[in-house]
Amino acid sequence: MRRAARPVETRLVRPTATIRVMSTSLAPLISFVPLAVLAAVAWKAVHPTPLDPSAGPVSVAEVSGAAGEDESVPPPAAPAVSDDVRAGYAELQMDSIFVKPAGPRGLEYTVEASALDGARVRLRGWMVRHLHDDPRIFLLNTQPMVLHMSEYGLADDLPPSAAHVILEDRPGWAPVWTPRPLEVCGVLELGPRQERDGRVSHVRLLADQVIDSGSGARADIVKPIGLQPARLKAAVLSKDVGADPASPSAPTFPSSTNPTK
Amino acid sequence: MKPTTALLFPALAGLAASVPSAALAAPSVTRLNPPSALFTFNDPNPPFIARFATGQKFDLQATVQADAGKVITGGQFYVDNNAVAGTVTVTPIGGDKFSLALRAYANTKPGVHTFSVVATQDDGTQASDEGNFEVVGFKPGGKKAKNIIYLIGDGMGIAHRTAARIVTGNVKQGKAESGLAIDSLPTTGILMTHSLNSIVTDSAPGAACYSTGNKSNNNQEGVFPDDTADKWDNPRVEHMGSYLARTQGKVLGIVTNADVEDATPASFAVHTQDRGAGTGICDMYFDEAVTKANLRVLMGGGRRWFLPKLIPGSGRVNSTTAGGADYTLPADLAAAWGVPVGAVDENRDLIADFVKAGFSYAPDATTLMSIPAAEDRILGLFHTGNMDIAMDKIAERRGDAAVGSVPTFPDQPMLDEMTDKALAALSKNRNGFVLMIEGASIDKQAHNMDTERWVLDTVEFDRAVGRCIEFMKSNPDTLVIVTADHECAGINIIGGSRITNADLVARSQEKGADGVEGVVNGAAGTSTDGQTRLRNNVVGIYEAAGFPQYDITTDGYPTTMDVDYKMIIGYAGNGDRYEDWLTNPLPNVAGNARDKAGDYFIAGQAAGGGNSTAVHTASDIPLSAGGRGSAAFTGVMDNTEVFFRAMQAAIGGAK
């Protein structure tokens with residue numbers, strides 16, 4: 001499998017405000033405090049959320065995770081992504097990743113998709129509303145979709161072309177779920193890989209940036225996942241279905257293939 | 001669990017009396033399988049939680065908490081105070097706990113039996129406890145049911161059936177011109193659906209009870225709960241398929257329009273505590289069900305589990321993560337049940353294994369229909385995941401827009417077509433068959449509150465019922481049972497639209513009274529207020545509901561679900577959704593991400609699942625039956641009772 005070196009010069013997604021704060025006042029602590037915690041503290045310093053008591057009354061929608069909340073709480077202002085940046089990524093339609101119709105056995109990558117394996121591409125789609133076991137990952141699909149691991153486990157309707165978007169550098173951080181389409185730029189990676197939730201991904205995008213297609217603004221890194229009720233509500237609730245947490249063979253991270261419904 | 005009871009045997013009582021005071025924290029039995037009210041609540045009275053057909057195999061298992069740092073070195077199971085022959089395997093499971101198991105036990109004496117376990121710690125102290133189970137015998141007499149057909153409309157409550165009848169039955173002047181195929185079955189019963197650990201079941205124990213006669217925890221298929229994380233070591237209960245293959249030489253068929261690893265199909269052949277363990281579940285179809293249950297027909301989606309990992313679209317995984325799902329069985333289990341131990345092999349070509357075993361493989365409807373009539377083994381895998389929904393398959397056949405994954409899998413069979421091929425293959429066995437046919441997306445689309453899609457999937461399911469009734473008429477030694485595993489979404493028909501479709505379409509594009517597409521709870525200054533446009537003066541109740549009329553074409557499905565004055569559905573187990581009452585152009589779009597232009601938001605009552613999905617309910621469900629032995633399926637009964645009445649028909653016979 002080919003994989004191009006990541007184009008550092010185009011990695012505009014790094015939360016510049018966060019990095020700036022860290023680089024000046026918090027950098028000495030980096031070796032002692034988990035990066036995600038530092039990042040959360042720094043981010044909250046420059047973007048107080050409705051969950052921050054100092055930010056005033058808590059939004060009902062924010063707490064409840066009700067529909068529309070993500071539109072009601074505009075993400076922090078982010079610069080629009082210029083066309084010049086987009087131009088650095090080849091556009092690939094998600095519908096064009098696999099040959100249609102499928103053959104009698106497995107699927108087959110299109111010539112176009114195969115040629116872009118390892119290259120910088122843009123995919124347009126919708127963030128699937130679910131919480132992946134791996135906090136670096138969200139799923140991008142050709143249409144809006146809700147995925148209830150808690151209902152179906154892996155017997156689902158997720159199309160094979162759904163991409164695993166990997167925000168490799170920022171575990172624990174991700175864009176909030178939004179009903180609006182997204183444009184994701186990054187390095188395309190094709191081929192099977194077993195993910196932490198038991199799913200096998202065949203299409204991955206090592207994301208450099210996530211763009212809100214509506215506003216054209218960068219959409220990534222607005223919240224730690226721990227402060228995203230909309231995503232968390234779609235998560236599997238940890239539930240003992242017979243497993244003994246004290247057992248030495250018990251997993252040390254949540255399994256979403258033990259559905260609770 | 002109740003406190004440890006007094007020791008059961010005089011010799012042991014004497015031993016306990018000699019235990020020094022330091023051993024007051026004596027080892028104790030914390031779980032005893034099969035489950036019983038006697039063990040858990042010290043209640044010896046009915047209802048008996050675990051019941052088995054005469055000779056049906058099951059595992060005896062106990063979890064014993066040892067004293068700190070101590071080891072349980074052995075144990076003995078007793079039934080009716082008689083030591084059970086066989087090896088008791090003691091397995092440490094962490095936290096000074098030990099699992100004791102005696103596998104593949106069977107009892108042929110009808111009646112209630114008390115059983116107990118005595119476990120011995122390495123310092124000589126012992127723990128014991130008791131439970132009970134019932135063995136159900138069958139009265140001989142009459143003619144036996146040679147073939148048993150279960151049709152399970154997943155999530156199909158009474159209202160799902162009513163809605164499908166209103167769409168297809170031309171209801172007017174208070175009567176349906178034509179009923180559903182289900183309606184023609186002569187016997188009706190009501191089932192209680194609770195699982196072992198909840199009033200609200202999921203599909204795994206909700207379906208497995210029909211195959212095993214027993215309750216299990218949610219997510220579990222063909223097993224009782226234990227105390228280990230291992231998905232495959234739980235105490236087993238023999239499935240109807242393998243029980244009747246072993247005792248009568250019947251063959252087994254499983255047909256679904258879901259992924260074949262999904263809970264309902266797997267609950268008829270697989271033993272696991274994890275309904276999501278797709279790789280191992282599908283391996284077990286081949287490794288165990290083909291040989292032990294004479295599995296001869298397996299059809300549905302889920303091709304991903306049958307493809308080696310390197311083939312794009314494969315879903316096979318190994319066990320390197322918590323989600324890993326291939327398997328190796330404990331040696332004592334494999335030996336006692338006479339099954340392979342399994343293998344960790346993500347590169348297994350399971351399609352090739354089935355073909356080598358004589359199965360004809362069909363990846364699409366055209367191939368399925370071309371399988372020669374003489375073939376008696378069919379593997380049909382028409383999709384990598386769940387098959388597409390009836391509405392979208394029909395649209396493709398009519399030349400309408402292809403949505404969902406239909407463009408990738410455009411040639412998927414309908415459930416009645418799969419049913420015909422299954423019946424043809426299975427009926428070649430002169431000893432008869434057990435066939436489970438599932439209408440899976442009734443549930444899946446009800447979860448998503450996509451009214452038109454679950455209604456048409458119910459119609460698709462009913463057409464499969466019709467094919468089985470035709471078979472039953474020409475093969476009167478056949479028992480047909482149509483039911484569900486649980487109700488889904490708290491569905492009911494609350495009325496009919498008071499306006500034309502054109503008016504509804506117009507209103508679906510207008511905002512509420514404030515002319516703004518709002519958000520919930522006024523978080524940004526505007527609220528959803530489309531109810532003034534899409535509820536008031538739209539939802540007709542009582543006589544204002546009238547009689548919605550649908551035009552059914554030659555393919556058996558309505559020309560459109562968006563008729564004037566259409567049927568209106570409500571959801572009592574609902575998640576958040578926007579509603580405009582119109583057919584959703586795309587499947588599987590979240591209820592709170594569609595239909596927003598009408599600005600009519602309905603807040604969900606069901607927490608979980610992202611607050612955007614409806615949930616199963618604990619409502620009783622209907623059962624309809626016909627054919628040999630069907631007269632017994634009347635009254636209100638526990639869902640496990642269906643197994644025993646079917647076994648009466650198959651083993652004892654029916655007049």
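This is a predicted model: local features need pLDDT of at least 70, side-chain atom pairs count only at pLDDT 80 or more; totals for chains, interfaces and linings use all residues.

Me: Which strands does E9(B) pair with, and in what sense?
Reply: Strand E2 (residues 51-53) of chain B pairs with E9(B) in the parallel sense over three bridges, while strand E8 (residues 111-121) of chain B pairs with E9(B) in the antiparallel sense over ten bridges.

Me: Which residue of E9(B) stands opposite Arg51(B), and which opposite Thr114(B)?
Reply: Opposite Arg51(B) stands Glu134(B), and opposite Thr114(B) stands Asn132(B).

Me: How many residues lie between E8(B) and E9(B) in their hairpin?
Reply: There are four residues between the two strands of that hairpin, and in the turn Gly124(B) has a positive phi of about 95°.

Me: Take Val135(B): is that residue buried or exposed?
Reply: Val135(B), which has its place in strand E9 (residues 126-136) of chain B, has a relative accessible area of 2%, and because buried means under 20%, Val135(B) counts as buried.

Me: What does Val135(B) touch?
Reply: Leaving aside residues up to four places away in sequence, Val135(B) touches a set of residues that includes Phe52(B), Ala53(B) and Thr54(B), along with Asn107(B), Thr108(B) and His113(B).

Me: And how many residues apart are Val135(B) and Arg348(B)?
Reply: They are 213 residues apart in sequence, and in space they are 40 Å apart, C-alpha to C-alpha.

Me: Switching to aromatics, how many aromatic pairs are there over all chains?
Reply: A search of the whole structure finds 18 aromatic pairs. One of them is formed by Trp232(B) and Tyr327(B), a tilted pair at 5.3 Å centre to centre with 45° between the planes.

Me: Where in the chain do Trp232(B) and Tyr327(B) sit?
Reply: The pair links distant parts of the chain, 95 residues apart: Trp232(B) is in the loop between helix H4 (203-212) and helix H5 (240-248) of chain B, and Tyr327(B) is in the loop between strand E15 (295-301) and helix H8 (331-337) of chain B. Trp232(B) counts as buried at 4% relative accessibility, and Tyr327(B) counts as buried at 1%.

Me: What about the rings of Phe306(B) and Phe354(B), and why is that pair called tilted?
Reply: Their centres are 5.9 Å apart and their planes are at 50°, so the pair is tilted. This pair also links distant parts of the chain, with Phe306(B) in the loop between E15 and H8 of chain B and Phe354(B) in helix H9 (residues 350-356) of chain B, 48 residues apart. Phe306(B) and Phe354(B) are both buried.

Me: Which residues form the aromatic cluster?
Reply: One aromatic cluster is formed by Phe52(B), Phe58(B), Tyr105(B), Phe115(B), Phe133(B) and Phe224(B); among these, Phe52(B) is also a residue that Val135(B) touches.

Me: Which ring does the charged end of Arg120(A) sit over?
Reply: The charged end of Arg120(A) sits over the ring of Tyr89(A), 5.0 Å from its centre, and in chain B the charged end of Arg236(B) sits over the ring of Trp337(B), 5.9 Å from its centre.

Me: Last topic, helix H15 of chain B: which of its residues are buried?
Reply: In H15 (residues 501-509) of chain B, the buried residues are Asn501(B), Leu504(B), Arg507(B) and Ser508(B). Seen down the axis of H15(B), they fall within an arc of 120°, so they line one face of the helix. The face turned away from that buried side carries the exposed residues Ala502(B) and Gln509(B).

Me: What do the buried residues of H15(B) pack against?
Reply: They pack against helix H16 (531-534) of chain B.

Methods
Residues are numbered from 1 along each chain as its sequence is written. Chains are lettered from A and ligands numbered from 1 in the order in which they are written. Side-chain values use heavy atoms; hydrogens and water are left out. Buried means under 20% relative accessible area, exposed over 50%, partly exposed in between (1.4 Å probe, protein chains only). The arc is that of the directions from the helix axis to the C-beta atoms. Contact means heavy atoms within 4.5 Å. Rings of Phe, Tyr and Trp (its six-membered ring) pair if their centres lie within 6.5 Å; planes under 30 degrees apart count as stacked, over 60 as edge-to-face and the rest as tilted. A charge sits over a ring if NZ of Lys or CZ of Arg is within 6 Å of the ring centre and within 35 degrees of the ring normal. Two strands pair if DSSP finds at least two bridges between them.
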